[in-house]
Amino acid sequence: SYTAGSGLGGGSAINAGLASSTGPFFLQHRLPVEGEGINQRVRRNGSRASVAEVYLNALRSKVEIRSSTKVERVVMNDARTCGVELNSGEIVEADRVVVCTGALMSPLLLMKSGFAVEGLGRRLQDHPSVALRYSNDGLPSSTLTAHRAGGVQVIETVVGDEVWVVPALMRPTSTGVIGANDDGEIEAQFRLCQNAGDQELLLAAVTKVAADHARREGIDVPRPGREGEWLMDRLASTTPVYSHATGGCCMGEVTDRLGRVKGIENLFVADSSVFPAIPSVNPMIPTVQLAETLSDRWRDAGLVSG
Ligand SMILES: Cc1cc2nc3c(=O)[nH]c(=O)nc-3n(C[C@H](O)[C@H](O)[C@H](O)COP(=O)(O)OP(=O)(O)OC[C@H]3O[C@@H](n4cnc5c(N)ncnc54)[C@H](O)[C@@H]3O)c2cc1C
């Protein structure tokens, strides 16, 4: 039940610059938010613009975009990629394939295509985060504050009648794995806070938040002295409030510095699955930056022009 897309601006929705209240994130967390909005996260000539405007519009005449189309597998001919197979059964031939189906789906797609690259599916990460929920004691609905210290980010935000205080580890060391079951469906184990150091740091953050907000009326908060139990229960029973999956096709292990899948000359990965360690900030901008860096490297290596 990992949250996907169309959330606060998450998944591909954030890249299109759309924030929608109707996506699974809002439904899962029962957020009483109304309407849709534009959520522009990159700049062009000093002004805010959407990723689609900045990157796609310049290419419209050169690319064909197919909506509602799923890639089932990457097709090989000897040791070379020769295209992709779509859910319609159509084979799209290509001299080069760049996989960018996200941190959960890119490793899965490579697995389903029969690639057995060392490290594939490993080093899956997210920012471990939990929400301590309180009754709103008079904060206006647009309130959102964030502060960071010692690798912990704490966001306090008003969600309807509630105030959510969300501590998150921004430099976790625990890693999980992605695999495919017999039906080819994804099985992702994040193993959040599996390492003792992560667990101690998040527990200290939860304990501090609970103490700092003790004056508030708690809706879902740990009882004093039971913070560890509460935290482990929340980590086991809910997905993180943040949805920042990275890893699975890590650079240096599965891919080289060009994002090229090791041992396969013309197959590349260019998305958040390539990060060898989760960025210590929210990952959308670092993912855009990664794409910029890879395209510079492709140009320098003579793989693309312009
Ligand atoms: C609910 C939510 C909220 C988030 N909020 C924030 C935030 O506030 N700030 C932030 O920095 N980050 C946020 N993130 C994380 C951010 O959205 C991701 O890190 C970023 O989008 C990763 O980019 P990507 O290109 O790797 O993958 P994506 O943006 O997920 O792009 C992958 C694309 O591939 C498509 N796809 C998948 N499988 C296939 C297939 N087989 N065939 C064809 N297409 C396929 C998907 O539909 C998707 O369009 C959020 C994520 C979620 C889910």
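The chain has an accessible surface of about 16300 Å², of which 50% belongs to carbon and sulfur atoms (areas come from the Shrake-Rupley method with a 1.4 Å probe). Welcome to a predicted model, in which local features need pLDDT of at least 70, side-chain atom pairs count only at pLDDT 80 or more, and totals for chains, interfaces and linings use all residues. Residues are numbered from 1 along each chain as its sequence is written, and side-chain values use heavy atoms, with hydrogens and water left out.

**The chain overall**

- Seven helices and 17 strands make up the secondary structure; these are DSSP runs numbered from the N terminus, helices being H or I with at least four residues and strands E with at least two.
- Of the 306 residues in the chain, 42% are buried, meaning under 20% relative accessible area, while exposed means over 50% and partly exposed lies in between (1.4 Å probe, protein chains only).
- Taking contacts between residues at least 6 apart in sequence, 61% join residues at least 24 apart; a contact means heavy atoms within 4.5 Å.

**Helix α4 and the sheet it crosses**

- In α4 (residues 102-112), the buried residues are Ala103, Leu104, Ser106, Pro107, Leu108, Leu109 and Leu110.
- Those buried residues pack against β5, β8 (97-99), β9 (122-124), β14 (176-180), β15 (186-189) and β17.
- Three of these strands form an open sheet in the order β9-β14-β15, with antiparallel pairing (two strands pair if DSSP finds at least two bridges between them).
- Because β9 and β15 stand at the edges with a single partner strand each, one side of each has no neighbour in the sheet.
- Neighbouring strands here are turned by 40° against each other on average, direction ignored; axes are lines fitted to C-alpha atoms, for helices over the stretch in contact, and angles run from 0 to 180 degrees between N-to-C directions.
- Two bridges join β9 to β14, and Leu124 has Gly176 in β14 as its bridge partner.
- Helix α4 lies across β9, β14 and β15, at about 45° to β14.
- After α4 comes Gly114, with a positive phi near 90°.

- Three bridges link β6 (residues 80-86) with β7, and Gly83 stands opposite Glu93 in β7.

**A hairpin in the open**

- Strand β11 (residues 144-149) lies largely in the open, because the number buried among its six residues is zero.
- Its antiparallel partner is β12 (residues 152-159), joined to β11 by six bridges, with Arg148 opposite Gln153.
- Two residues separate β11 and β12 in this hairpin, and Gly150 in the turn has a positive phi of about 55°.

**Helix α7**

- The 17 residues of α7 (residues 284-300) should span 24 Å at 1.5 Å a residue, which agrees with the 25 Å between its end C-alpha atoms; the expected span is 1.5 Å times one less than the number of residues.
- Met284, Pro286, Val288, Leu290, Leu294 and Trp298 are buried in α7.
- Gly302, with a positive phi near 75°, follows α7.

**A closer look at Asn266**

- Asn266 is found in the loop between α6 (227-237) and β17 (267-269), and its 4% relative accessibility counts as buried.
- Leaving out residues up to four places away in sequence, Asn266 touches Arg80, Thr81, Asp95, Arg96 and Val97.
- The Asn266 side chain reaches the backbone oxygen of Asp95 at 2.8 Å.

Note on methods. Polar contact = N/O pair within 3.5 Å; in protein donor to acceptor, adjacent residues only side chain to side chain.
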